[in-house]
Amino acid sequence: MQRAMRWTLSICLIAACAPCGQTQAQEQTKQLAHDIFKQLVEINTTDSVGNVTTAAEAMAQRLRDGGFAEGDIKVAGPNERKKNLVARFRGTGKRKPILFIGHLDVVEALRSDWTTDPLEFIEKDGYFYGRGTEDMKEADAILVTNFIRLKKEGYLPDRDLILALTADEEGGSSNGVDWLLRGHRDWVDAEYCINLDAGEFEKDKDKRLLAGIQASEKVYVDFQFESLNPGGHSSVPSPDNAIYHLAGALSRLQSFSFPTKINEITLNYFERNAAMTTGQISADMKAVAKQPPDPAAVQRLSAAPYYNSLLRTTCVATMLSGGHAPNALPQTARANVNCRIFPGEDPEEVHKTLERVANDPKVRISVVPQLTPDGKVVPVVPVPPSPLLPEVTQAMEKVLKNIWPGVPLVATMSTGATDGRYTRIAGIPTYGISCMFFDKNDNRAHGKDERVGVQDFYDGVEFNYKLMKELSSPR
């Protein structure tokens, strides 16, 4: 009887302590994620005066301290300021690896524009503030945290997990993903890639709306519109004026819309969103998801800039220069026209379309070349959409159901560009999965007072952890 009572008491004590141990582990994970996030935000990684290598080496040290072998960590790049981190979490090798990517660089931030110091990690009013808190040091911190967490747990995946934190996604000539694929493909080769810089999880205040999986993105291309003229004295003007020629071409571009395009990803997006909205917008989304899309519905939806960008290639003037003196006729007038080309559309056809729209032999249109660090021109090529792999979508849906029941999974196409374009072009299917929710009406990426919700960040840590395990647990 006494032995039975002792046995029962032991079981009760074990049961009582289990939640305590679990809570303690969760708090340790939160603290680790917080500390890594703070460390990253407070390292300046802007292109002008920052140093991506400093951040890469700091995260490499975090991984070493977390139990990763020196041979599984590489810090390398084309120059001393733009080195990338690649780490490998060894598995059994039963399946091909998964690559997880994020960029360490951030856009510039002026202290005078912000209410806080952009290079100081500040928590207030339920948010973390600082440059990179939304784009995308929060995701870098999530990835490093979970690689360390899984290592400390003694987790053995059935495939290698590869982490690549890289330089120059926001600009510069030393893009890390491109550099790795060109010179060290074996370091990052994988069955597919998960990119935390895309696939937005949308909410409206406290209501979670959808979890995006980005499987497609537009191609970024800049074109230069240029008009040249002999010029002369401004006291004897002529209609043959470089600025007027350029202005006319840009005016015609403003009035032009590229043809409507729909692919598997945008079809899925409009179908899923139609079920979550009401009224005319819902009806229009259903109508554009049909083949062929209803022209009237396309026109109504196109009035919203975001839907317009999902429905076609877009080109817009972004920079302008001209003339050399206030009392002289302009000898040059130039504009940068930024195009976001619909996946699968030939960039050269877009070039020809711009020439037809400009409709002026005195306006020359040329591609603004993108250069590699060694000065070679990067060819502009179409970026193929990634097929919606059941392995990935089913894992996403399972984790969503576990953490946020009822939140739908929606395939999306990025209207901007991410490093996923390099992996897709290299033949590695890529899926943008941000893992954390952002308010769709409060996008501060690249803007002042950039921030992420404190709880949204910690929820993202947990979502990413469960997704990693779901995609790599032995079957």
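Which residues in α6 meet which residues in α11? A249, R252 and L253 in α6 meet L354, V357 and A358 in α11, where meeting, or contact, means heavy atoms within 4.5 Å. This is a predicted model, in which local features need pLDDT of at least 70 and side-chain atom pairs count only at pLDDT 80 or more, while totals for chains, interfaces and linings use all residues. Residues are numbered from 1 along each chain as its sequence is written, and side-chain values use heavy atoms, with hydrogens and water left out. Helices (H or I, at least four residues) and strands (E, at least two) are DSSP runs, numbered from the N terminus.

**Helices α6 and α11**

- Helix α6 covers residues 242-254 and helix α11 residues 347-358; they pack at an angle of about 115°, with their axes 8 Å apart.
- That makes α6 roughly perpendicular to α11, as angles of 65 to 115 degrees count as roughly perpendicular, under 35 as roughly parallel, over 145 as roughly antiparallel and the rest as oblique.
- Axes here are lines fitted to C-alpha atoms, for helices over the stretch in contact, and angles run from 0 to 180 degrees between N-to-C directions.
- The crossing of α6 and α11 is right-handed, meaning that the near helix is turned clockwise from the far one by less than a right angle.
- By class, the contact of α6 with α11 has five nonpolar residues, no polar ones and one charged.
- For these classes, Ala, Val, Leu, Ile, Met, Phe, Trp, Tyr, Cys and Pro count as nonpolar, Asp, Glu, Lys and Arg as charged, and the others, Gly among them, as polar.
- E348 is found in α11 and is partly exposed, with a relative accessible area of 40%; buried means under 20%, exposed over 50% and partly exposed in between (1.4 Å probe, protein chains only).
- The C-alpha atoms of E348 and V381 are separated by 9.0 Å, although the two are 33 residues apart along the chain.

- The axes of α3 (residues 137-153) and α14 (residues 454-472) come within 9 Å and cross at roughly 50°, so the two helices are oblique to each other.
- Their crossing is right-handed.
- Residues of α3 in this contact include F147 and L150, and those of α14 include F457 and Y465.
- The contact of α3 with α14 divides into nine nonpolar, four polar and five charged residues.
- T29 lies in helix α1 (residues 2-41) and is buried, with a relative accessible area of 14%.
- Leaving aside neighbours within four places in sequence, T29 is in contact with T145, R149 and V461.
- T29 and R149 are 120 residues apart along the chain, and their C-alpha atoms are separated by 7.3 Å.

- In α4 (residues 176-183), G176, V177, D178, L180 and L181 are buried.
- These buried residues pack against β2, β6, α5 and α13.
- At the start of α4, a side-chain oxygen of N175 reaches to within 3.1 Å of the backbone nitrogen of V177.
- In α8 (residues 279-288), the buried residues are S282, D284, M285, A287 and V288, and they pack against α7, α9 and α10.

**A buried serine in a strand**

- S216 is found in strand β9 (residues 207-217) and counts as buried at 0% relative accessibility.
- Beyond its neighbours within four places in sequence, S216 is in contact with residues including N263, P385 and R424.

Technical notes
Polar contact = N/O pair within 3.5 Å; in protein donor to acceptor, adjacent residues only side chain to side chain.
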